[in-house]
Amino acid sequence: MSFHQAPKADLERGVSTLGGRRLVFHCHHYNVFLQRTIEDALQERAPGLLVAAGMEAARAMLQGLEAEAASASPAEALRRAADTFAAQGFGRLDVGLLGAGGGEVTVAPSHYAVGWVSRWGKRPTPACFFVAGFLGGVVAAAYRLAPERITSRECTCVAAGDERCSFRVEVW
């Protein structure tokens, strides 16, 4: 059973929304080029900004989806988030070990890791900052937590030579 909700298109205005938030579709080439531009410009400050942006985008969109059709449980909200993530082409999230206290998540394949490797080859550090932020936003939305209580980071990354992309979400 899929919990995915399709984006809404306003053809007169040329605007697509999901969960009441504007939605823009970009390919992995565009997204990793944008990420690299931000990383080159901000250096060590880039990862924190990229994770925070992913968290806020996910939290706001998922809260909007919950306002339109509330999930019966946090577990259902997690499944909806994973289905929505996959439907947008970012990869398939395994959120089975994710709960109110955080947990571990894998994604296969990661839009960002695959995009990075296809464009520039492997890198020395993980590349999936948006995914890490998205997962923090998922936990915030599913369990109605303040985003300040959540940290999320990528532990292993295909773009850095690992076999899979894995993440750790912690709730404080």
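**Note on ring pairs, a pocket and a cavity in a predicted model**

1. The stretch of residues 106-171 has its end C-alpha atoms 18 Å apart, and the span is 38% helix and 26% strand; helices (H or I, at least four residues) and strands (E, at least two) are DSSP runs, numbered from the N terminus. An unreviewed UniProt entry annotates residues 106-171 as "domain: 4-vinyl reductase 4VR"; UniProt positions are given in the numbering used here, feature names are shortened, and such annotations may be inferred rather than shown by experiment.

2. The model is predicted, and local features need pLDDT of at least 70, side-chain atom pairs count only at pLDDT 80 or more, while totals for chains, interfaces and linings use all residues. Residues are numbered from 1 along each chain as its sequence is written, and side-chain values use heavy atoms, with hydrogens and water left out.

3. Rings of Phe, Tyr and Trp (its six-membered ring) pair if their centres lie within 6.5 Å, and planes under 30 degrees apart count as stacked, over 60 as edge-to-face and the rest as tilted; by this rule there are eight aromatic pairs. One of them joins Phe90 and Tyr112, which are stacked at 6.3 Å centre to centre with 10° between the planes. This pair links distant parts of the chain, since Phe90 is in the loop between helix 3 (74-87) and strand 4 (92-99) and Tyr112 is in helix 4 (residues 111-120), 22 residues apart. Phe90 counts as buried at 16% relative accessibility, and Tyr112 counts as buried at 8%, where buried means under 20% relative accessible area, exposed over 50% and partly exposed in between (1.4 Å probe, protein chains only).

4. The rings of Phe130 and Phe134 have planes at 45° and centres 6.1 Å apart, so this pair is tilted. Phe130 and Phe134 are four residues apart in helix 5 (residues 129-143), and are therefore separated by about one helical turn. Phe130 is buried at 19% relative accessibility, and Phe134 is buried with a relative accessible area of 3%. Ring pairs link Phe85, Phe90, Tyr112, Phe130 and Phe134 into a cluster.

5. A charge sits over a ring if NZ of Lys or CZ of Arg is within 6 Å of the ring centre and within 35 degrees of the ring normal. The charged end of Arg36 sits over the ring of Trp120, 4.7 Å from its centre, and Arg123 lies over the face of Trp116 at 4.4 Å from the ring centre.

6. The largest pocket holds about 740 Å³ of space; a pocket is an open set of points on a 1 Å grid over the protein atoms alone, with protein on both sides within 12 Å along at least five of seven lines, and lining residues have an atom within 4 Å of a point. Of the 29 residues that line the largest pocket, Val24, Ala57, Phe90, Tyr112 and Phe130 are the closest to its centre. Helix 2 gives the largest share of this lining, eight residues. By class the lining has 19 nonpolar, seven polar and three charged residues, with Ala, Val, Leu, Ile, Met, Phe, Trp, Tyr, Cys and Pro counted as nonpolar, Asp, Glu, Lys and Arg as charged, and the others, Gly among them, as polar.

7. Over the whole structure, the search finds one cavity of 30 Å³ or more, a cavity being a set of grid points where a 1.4 Å probe fits but cannot get out. The largest cavity has a volume of about 40 Å³, a volume being the space filled by probe spheres set on the points, which are joined across faces, edges and corners. Residues lining the largest cavity include Leu62, Glu66, Arg80 and Val138.
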